[in-house]
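Here is a short report on one helix pair and a few salt bridges. Please keep the model open while you read.

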Amino acid sequence: MKVIDHWIGGKATSGSDERRGAVWNPATGQQQAEVVLAGRQDVDAAVAAARDAFPGWSQASLSARTRVLFAFRELVNANIERIAEAITDEHGKVLSDARGEVQRGLEVVEFACGIPQLLKGDFSAQISTGVDLHSFREPLGVCAGITPFNFPAMVPMWMFPVAIACGNTFILKPSERDPSASLILAELWAEAGLPDGVFNVLQGDKEAVDGLLEHPDVAAISFVGSTPIARYIHGRASQAGKRVQALGGAKNHAIVMPDADLDYASDHLVAAAFGSAGERCMAISAAVAIGVGSELVDRVSQKALAMKVGSGRETASQMGPVVTAQARDRIIGLIDSGERQGAQIHVDGRGITVPGYEQGYFVGPTVIDAVTPQMDVYREEIFGPVLSVVRTDDVDAAIDLINANPYGNGTTIFTSSGEAARRFQRGVHVGMIGINVPVPVPMAYYSFGGWKDSLFGEHHIHGPEGVSFYTRGKVITSRWPHVDHAEHQAAHFNFPTAR
Ligand code: NAD
């Protein structure tokens with residue numbers, strides 16, 4: 001059985017703990033590898049490697065750091081196919097989708113290549129007579145990133161390019177369900193010339209995470225995953241005095257107005273709900289239909305039924321399996337609950353079999369109508385290929401519905417009314433908003449983040465807020481008095497004010 005290792009101090013290692021986790025191929029249902037799971041000694045080894053590398057890396061010139069980032073960018077670009085194949089085999093998403101996530105991660109590397117510009121401080125001459133003021137930002141130290149299964153390359157790349165460009169060292173604790181992409185990225189960093197210990201991968205589960213949360217030499221934690229774990233991470237890291245950003249789960253609504261182009265809206269709804277089998281934190285899982293419910297359900301259902309479900313490796317597939325047998329069973333259980341609670345299952349993805357992949361973890365696209373906010377299919381983050389259709393009377397009622405939901409990650413409106421779109425974007429309590437754009441994931445040079453239960457902490461991820469998260473500021477007030485000048489003598493007991 002293939003063993004997937006840690007990467008500590010510039011080399012692969014199995015570490016000192018005997019525990020192993022199974023890594024499945026979701027399309028075949030077969031175990032394909034085992035991943036080492038870190039114990040406390042492995043956490044200590046990773047932190048020690050990162051701590052020892054920090055003085056050198058944090059003092060490396062901006063040019064030296066940028067050169068490594070550019071080289072890493074070229075190497076990831078040249079290895080997109082290899083990374084995408086590893087993702088498809090462990091996660092299940094189709095290859096084109098896996099390539100897309102590597103591409104979106106690369107955009108953060110490209111953003112981080114501009115670090116000399118991003119870290120520029122301010123300077124004000126003569127803020128008082130003979131006094132100047134300037135500011136700059138410094139890295140924090142050892143930063144850790146804990147990431148979910150659904151984007152094994154992109155979400156880690158939301159974090160470490162910016163952290164490393166800012167002069168920090170980094171420990172990535174990837175999801176134990178699809179850990180291979182992280183090791184490929186570690187090898188590419190080494191090939192790009194990153195000094196040993198600046199980027200480390202610690203494979204593991206809760207034990208690794210708790211070790212990082214408790215370790216006094218870890219300065220900052222970035223987390224992306226489900227809301228209960230995000231809340232836990234934020235609480236414990238804050239208590240330990242660490243800087244923390246913890247991005248959680250989602251329930252993303254798409255309003256469909258009576259004036260929307262229904263063909264366009266239904267095409268994009270199907271892609272946003274069923275792409276990556278609904279395992280995206282920005283997937284649309286609730287359509288809010290205003291006056292167009294039946295027609296929308298018909299069109300979406302036709303398109304859902306026409307989708308090609310299959311192994312992610314087959315080019316004809318538009319949707320692959322979900323990640324594990326447990327995920328499949330949970331999704332099916334939630335569809336069952338919708339049926340029991342009175343919703344109408346228009347397209348039923350339960351019980352689908354894919355020829356040649358009978359043991360795979362497949363759930364077909366599912367469209368559920370007449371969903372109410374009290375039902376479990378609406379209240380739970382399903383994280384599977386299930387689109388619920390809820391109906392409201394007008395845009396204000398739809399905005400109220402969205403705001404009553406505990407999550408606030410993404411939302412979208414399909415409309416041809418500028419007035420409705422403006423009311424919507426100003427009225428919703430959500431961090432990322434689309435107008436006729438179904439999956440409004442911001443570009444790398446903006447910051448990504450939700451509101452309410454979708455993000456704990458002050459900082460959104462990557463972009464300018466990423467630079468701010470991974471650095472802290474210094475402001476320097478300086479005076480170089482001439483020994484012969486009167487100001488050299490003039491000390492005052494009052495609180496200093498500008499003169
Ligand atoms: P998860 O919360 O189960 O796991 C995330 C990470 O936390 C993994 O590395 C895992 O090993 C670790 N972990 C799991 N249980 C833990 C515990 N009890 N204590 C400490 N650490 C623990 O999430 P997942 O199932 O891997 O990913 C799917 C979730 O991530 C969904 O809720 C999705 O919405 C969310 N997500 C959010 C965003 C965002 O930007 N807000 C992006 C991607 C995914």
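## Helix pair H2 and H4

Helices H2 and H4 make a left-handed crossing (the near helix is turned anticlockwise from the far one by less than a right angle). Their axes, for residues 62-78 of H2 and 95-112 of H4, come within 9 Å and cross at roughly 165°. H2 and H4 are therefore roughly antiparallel (angles over 145 degrees). Helices here are DSSP runs of at least four residues. Axes are lines fitted to C-alpha atoms over the stretch in contact, with angles from 0 to 180 degrees between N-to-C directions.

From H2, Leu 69, Phe 72, Arg 73, Val 76 and Asn 77 meet Val 102, Leu 106, Val 109, Glu 110 and Ala 112 of H4 (heavy atoms within 4.5 Å). This contact has 7 nonpolar, 1 polar and 2 charged residues.

## Salt bridges

The count is 35 salt bridges (a side-chain nitrogen of Lys or Arg within 4 Å of a carboxyl oxygen of Asp or Glu). Arg 51 pairs with Asp 217, closest N and O atoms 2.6 Å apart. Arg 51 lies in H1 and Asp 217 in the loop between H8 and E11, so the bridge ties together parts 166 residues apart in sequence.

Asp 210 bridges to Lys 206 at 3.1 Å between the closest N and O atoms. Both lie in H8, 4 residues apart. Salt bridges with shared partners join Arg 40, Lys 206, Asp 210, Glu 214 and Arg 236 into one network.

## Basis

This is a predicted model: local features need pLDDT of at least 70, and side-chain atom pairs count only at pLDDT 80 or more, while totals for chains, interfaces and linings use all residues. Residues are numbered from 1 along each chain as its sequence is written, and side-chain values use heavy atoms, leaving out hydrogens and water.

Definitions and conventions. Helix = DSSP H or I, 4+ residues; strand = E, 2+ residues; numbered from the N terminus. Parallel < 35°, antiparallel > 145°, perpendicular 65-115°, else oblique. Nonpolar A, V, L, I, M, F, W, Y, C, P; charged D, E, K, R; others polar.
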